[in-house]
Amino acid sequence: MYHRLSLCALLAILLVACAKDNIILTDVTGTESETITTTDTISVVFSESGDAVVNGASSSQVVTIAGNGVTIVNKERTAITYLLGGSTSNGFLKIYSPKKQQIELHDVSIANPNGAAINVQGITDSVSKGKAVYLVLCGTNALADGTNYSGTPEGEDEKAALFSEGQIIVSGTGSLTVTAQGKSGIVSDDYVNITGGTITVNSTAGTFVSGSDTTKVAGIKGKDSFIMTDGTLTINCSGTGAKGISGDGTAVFNGGTVNITVTGNNFGTTSGGGWPGGHGGNQGSDNSVAAKGIKFDGNITFNGGNVTVKSTKHEAIESKGDLTVNGGHIYAYSAADDAINSGGTLSVNDGYLCAHATSNDGIDANGDLYIKGGVIYAIGASNPEMALDANTEGGAKLYIQGGTLIAIGSLENGASLSQTCYQASSWSKSTWYALSTGGTTYAFKTPSSGGTKLVVSGATTPTLLSGVTASGGSEYFQSTLLVDPTVSGGNNVQLSTYTSGGGGWH
């Protein structure tokens, strides 16, 4: 009777507060959508003092309850909304379904000491294996896995505290905290699209070897792709070899706020150049795994949003394909390798981009590197590292064609500078400067260390002052750049035309 009264009261609140009849799916390109309607609603209420209670299942849904471990098999080809509430420190929800489904979290807390908290599987004999999960966040929610995964059926995947064989599309106005101790935080074997809500992933799991397989973990993995549309995402990874966000495909950042901090060590042994990756981003031997902030095997595109990535042992942001910045505010910091690295062409067309590396290149492209627009603050270490590095030895080139550029360190040899660059006669560490160009004033603070050169470029011939006092304006890059602030004091800095060398390895 206690559980049923609680369930009725809970459902009354849930259905008024957050229920949705229609689910909107946005595909990976962000240009198309489809609407599906859920036909049934199943509620699951977890309990610390008794068994979980499931209500609303029809005869075509097989429900198994073992304490607070709930398994639901949906045999019909109907879309279902699952309403989750209550709390358990020893439970899970596992769904087998051939159809897309919506899961609403309503102040629910699920911890599973033996595996995933929520695990959505397809039905193997169905052509609909791996359908989408629409995760709606209402109120304050928490999911946690255990340090050891046990009992996973043979042939099934169970890769994260929140795992789905199909797409994961997150929306809502609530929050979700995911604690990953055994494997990754959130994983889809398709793609992850965050369209709303506040998500925090705290990951302490590290890369590990099981038999002959090396299991790589991350805060969030979208096997095919990752899309950030809106909302707030915070990821903290301290596990060995763990990454903040990773995937085999592409990543697109269209909006929202992302904060990633990766403090774990690299995993495995080194060979050749060893750690850090150095030119080309090599990460050691075949069984080594680097701890990076954002890493995708395909292209990475920034169209908007605020993205901050910090990594202490390897690159902050790496694309094995092309990397393109069309907009947004991006801050990438690495204490051990390149701040930003692309395996192919790297293009900055617009937006605000800061790449700060204390021991390697600020921005390193293994193909051509184009600076066409936007505001770029690139900081590289002392020679032979650079602020802007293109793969000249491989036949590629650095092109400065537009935008506003502030660079601490050298530019790639043999660069094509169709927009004139200027070198300061000298620069001082930890000092505020004011750069005026194209009718805009940029106040920036220099780092405590870096390359020997300060290079600037803009739409018009710039002026540069050192030792200024600046306040107000718009803040960027961890408050190290102010746009159109109030500036006072300072000394004029002599500028001379910067010329690039003849090419080759720097």
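Trainee: In which strand is the place of asparagine 202?

Mentor: Asparagine 202 is placed in strand E19 (residues 198-203), where strands (E, at least two residues) and helices (H or I, at least four) are DSSP runs numbered from the N terminus. This is a predicted model, in which local features need pLDDT of at least 70 and side-chain atom pairs count only at pLDDT 80 or more, while totals for chains, interfaces and linings use all residues. Residues are numbered from 1 along each chain as its sequence is written, and side-chain values use heavy atoms, with hydrogens and water left out.

Trainee: What makes asparagine 202 buried, exposed or partly exposed?

Mentor: Its relative accessible area is 28%. Buried means under 20%, exposed over 50% and partly exposed in between, with a 1.4 Å probe and protein chains only; asparagine 202 is therefore partly exposed.

Trainee: Which residues is asparagine 202 in contact with, leaving aside its neighbours within four places in sequence?

Mentor: They are Thr177, Val178, Thr179, Ala180 and Asn236, a contact being heavy atoms within 4.5 Å. Serine 238 lies 36 residues from asparagine 202 in sequence, with 8.3 Å between their C-alpha atoms.

Trainee: What makes aspartate 189 and lysine 159 a salt bridge?

Mentor: The N to O distance between their side chains is 2.7 Å. The rule asks for a side-chain nitrogen of Lys or Arg within 4 Å of a carboxyl oxygen of Asp or Glu, and the pair therefore qualifies. Aspartate 189 lies in the loop between strand E17 (184-188) and strand E18 (191-194), and lysine 159 in the loop between E13 and strand E14 (160-164), so the pair ties together parts that are 30 residues apart in sequence. Aspartate 189 is buried at 18%, whereas lysine 159 is partly exposed at 29%.

Trainee: How far apart are the closest N and O atoms of aspartate 157 and lysine 159?

Mentor: They are 3.8 Å apart, and these residues form a salt bridge. Aspartate 157 has 28% relative accessibility, so it counts as partly exposed. The count by this rule comes to seven salt bridges.

Trainee: Which residues are linked in a network of salt bridges?

Mentor: The network links Lys292, Glu315, Glu318 and Lys320. Within it, glutamate 315 and lysine 292 have their closest N and O atoms 3.0 Å apart. Glutamate 315 lies in the loop between strand E30 (306-311) and strand E31 (317-319), and lysine 292 in the loop between strand E27 (257-262) and strand E28 (294-296), so the pair ties together parts that are 23 residues apart in sequence. Both glutamate 315 and lysine 292 are buried.

Trainee: How do you know that E10 and E13 pair, and in which sense, parallel or antiparallel?

Mentor: Strand E10 (residues 109-111) and strand E13 (residues 140-144) share three bridges in the parallel sense. Pairing needs at least two bridges found by DSSP, so the two strands qualify. Serine 109 stands opposite alanine 142 in E13. E13 is also joined to strand E16 (residues 175-180) by five bridges, again parallel, and leucine 176 in E16 is the bridge partner of asparagine 141.

Trainee: What order do the strands have in the open sheet of six strands?

Mentor: The order is E50-E51-E46-E45-E48-E53, with antiparallel pairing. Strand E50 (474-476) and strand E53 (491-492) are the edge strands, each pairing on one side only.

Trainee: How many residues has the largest nonpolar core?

Mentor: It has 87 residues, and Ile103 is among those with the most contacts inside it. Such a core is a set of buried Ala, Val, Leu, Ile, Met, Phe, Trp, Tyr and Cys residues joined through side-chain atoms within 4.5 Å. Isoleucine 103 touches, among others, Tyr82, Leu84 and Val136. A second, separate core of 23 residues includes Ile406 and Phe477.

Trainee: Over which residues does the pLDDT stay under 50, with 30 contacts beyond four places in sequence?

Mentor: That stretch is residues 276-282, pLDDT being the predictor's confidence in each residue, from 0 to 100. The protein averages 89, and 86% of the residues score at least 70. Residues 1-9 are also below 50. Where pLDDT is low, the predicted coordinates should not be read in detail.
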